[in-house]
Amino acid sequence: MIARRLPFALLLFAAPAHAEWMSGEQLHETCITAAPVDRAMCLSYVIGVLDGFRDLDRPPKTPLDTSAGQVRDVVVRYLDEHPEQRARQGREVIRAAIVAE
């Protein structure tokens, strides 16, 4: 199973870094899967987007003691409760989830 995903994972590292490459639906699927590599990708994506928000004039705030896993859980819960938001870009969903928390 991992061998089949390895070529895909390698493509991710070769692709230009864009926060828009993942939709809310893809983000949700990646975050709720049992596959460790997908869950790690979800966590990395969520935290990468959150770090990217630091350049904004008014970035969404999280408590200082919040773990990366807790942020991921907030995003997953938001997507579970608001399935209509899954059509949005992943970065937009992450921002909305944090602001709504």
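At roughly what angle do the axes of α2 and α3 cross, and within what distance do they come? Let us keep that question in hand for a moment and look at the whole chain. This is a predicted model, in which local features need pLDDT of at least 70, side-chain atom pairs count only at pLDDT 80 or more, and totals for chains, interfaces and linings use all residues. Residues are numbered from 1 along each chain as its sequence is written, and side-chain values use heavy atoms, with hydrogens and water left out.

The protein chain has five helices and zero strands, and its pattern along the sequence reads α-α-α-α-α. Helices here are DSSP runs of H or I with at least four residues, strands are runs of E with at least two, and both are numbered from the N terminus. Of the 101 residues, 32% count as buried; buried means under 20% relative accessible area, exposed means over 50%, and partly exposed lies in between, with a 1.4 Å probe and protein chains only. Among the contacts with a separation of 6 or more, 63% come from residues 24 or more positions apart, where contact means heavy atoms within 4.5 Å.

Now back to the opening question. Two packed helices are described by the angle between their axes and the distance between the axes. For α2 and α3, the axes come within 7 Å and cross at roughly 130 degrees, which makes α2 oblique to α3. The axes are lines fitted to C-alpha atoms, for helices over the stretch in contact, and the angles run from 0 to 180 degrees between N-to-C directions. As for the angle classes, under 35 degrees counts as roughly parallel, over 145 as roughly antiparallel, 65 to 115 as roughly perpendicular, and the rest as oblique. The crossing of α2 and α3 is left-handed, a term used if the near helix is turned anticlockwise from the far one by less than a right angle, with clockwise giving right-handed.

Look next at the side chains between these two helices. From α2 come Leu-27, Thr-30, Cys-31 and Ile-32, and from α3 come Asp-38, Arg-39, Met-41, Cys-42, Tyr-45 and Val-46. By class, this contact has seven nonpolar, one polar and two charged residues. Here Ala, Val, Leu, Ile, Met, Phe, Trp, Tyr, Cys and Pro count as nonpolar, Asp, Glu, Lys and Arg as charged, and the others, Gly among them, as polar.

Helix α2 also packs with α4, at an angle of about 120 degrees and with the axes 10 Å apart, so α2 is oblique to α4. This crossing is left-handed. Gly-24, Leu-27, His-28, Cys-31 and Ile-32 of α2 meet Arg-72, Val-75, Val-76, Leu-79 and Asp-80 of α4, and the residues of this contact divide into six nonpolar, two polar and two charged.

Take Gly-90 in particular, which counts as buried at 0% relative accessibility. Leaving aside neighbours within four places in sequence, Gly-90 is in contact with Met-22, Ser-23, Gly-24, Leu-27 and Tyr-45.

In the loop between α4 and α5 you will find Gln-85, which counts as buried at 16% relative accessibility. Beyond neighbours within four places in sequence, Gln-85 is in contact with Tyr-78, Leu-79 and Val-93.

Finally, turn to the charged pairs. Side chains of opposite charge can pair when their charged atoms come close. The structure holds four salt bridges, each a side-chain nitrogen of Lys or Arg within 4 Å of a carboxyl oxygen of Asp or Glu. In one of them, Glu-101 meets Arg-77 at 3.4 Å, N to O. This pair links distant parts of the chain, with Glu-101 in the segment after α5 and Arg-77 in helix α4, 24 residues apart. Glu-101 is exposed at 61% relative accessibility, whereas Arg-77 is partly exposed at 38%. Another salt bridge joins Arg-54 and Asp-51, at 3.4 Å, N to O; Arg-54 is exposed, with a relative accessible area of 65%, and Asp-51 is partly exposed, with 39%.
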